[in-house]
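Please look over the structure below. Some questions and answers follow.

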Amino acid sequence: MTILYKIDNSLYVNITNKCPCACVFCVRLEHDSVGECESLWLEKEPTLEEIIDAFEKHNLEDYDQIVFCGYGEPLERLDTVVEICKWIKAKSKTPIRINTNGLADLIHKKETAPTLEGLVDSISISLNAPDVKSYLEIARPKFGEISFSHLLYFASECKKVIPQITFSVVDILSGEQIEGCKRLASEMGIALRVREMIK
Ligand code: SF4
């Protein structure tokens, strides 16, 4: 079971395969893993103790950053993420990033951004699209139309408590859609990263 894996000089954390989206570009549709590990599918979700055991095998100072990003939405396990971040912060100055689909408020039926204050150094939120209609086509979230406005609200709240925030979109979008995402991100004062689709 792969809980931690390395890409470049970052240590990635894989704690769940749950996700409320079914993005058309999701790497899980084509591959069982990314980077050097064998599979990111989990036989079961690792417990907090198992995750900390895995971390104890690494010197965290050796890494540029620790990134919550696996084969699922990390904030599905918000409480566990919080506990791991506290454990890391007590041991190391290595920055922590979360890659998320931004739907944690809908998953947990409460405001979640304040929970991350003081624990997370940067967050990358998958914007995916410039408007609700294309968001539904691309991310196919189980929460339906309300997802996009909740994502934007979550991002605006993260901006208040997390030092660095970025939106991401995948380069499968049309030029017009990417321009729309740039406008939206700029209106919100959030940087936008256009990333290559993982093939
Ligand atoms: S949010 Fe991430 S894990 Fe979930 S379907 Fe989309 S790309 Fe895959």
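Q: In which sense do strand β6 and β7 pair?
A: This is a predicted model, in which local features need pLDDT of at least 70, side-chain atom pairs count only at pLDDT 80 or more, and totals for chains, interfaces and linings use all residues. Residues are numbered from 1 along each chain as its sequence is written, and side-chain values use heavy atoms, with hydrogens and water left out. Strands are DSSP runs (E, at least two residues), numbered from the N terminus, and two of them pair if DSSP finds at least two bridges between them. Over 5 bridges, β6 (residues 164–170) and β7 pair in the parallel sense.

Q: Which residue in β7 does F167 stand opposite?
A: Strand β7 spans 191–195 and is an edge strand, pairing on one side only. There, the residue opposite F167 is L192.

Q: What is the strand order of the open sheet?
A: The sheet has 7 strands with mixed pairing. Its order is β1-β2-β3-β4-β5-β6-β7.

Q: How many disulfides are there?
A: A disulfide is a pair of cysteine sulfur atoms within 2.5 Å. The sulfur of C69 is too far for a bond, because the closest cysteine sulfur, in C26, is 9.9 Å away. For C181, the nearest cysteine sulfur is that of C23, 13 Å away. The count is 0.

Q: Is C181 buried or exposed?
A: Buried means under 20% relative accessible area, exposed over 50%, partly exposed in between (1.4 Å probe, protein chains only). C181 has 0% relative accessibility, so this residue counts as buried.

Notes. Helix = DSSP H or I, 4+ residues; strand = E, 2+ residues; numbered from the N terminus.
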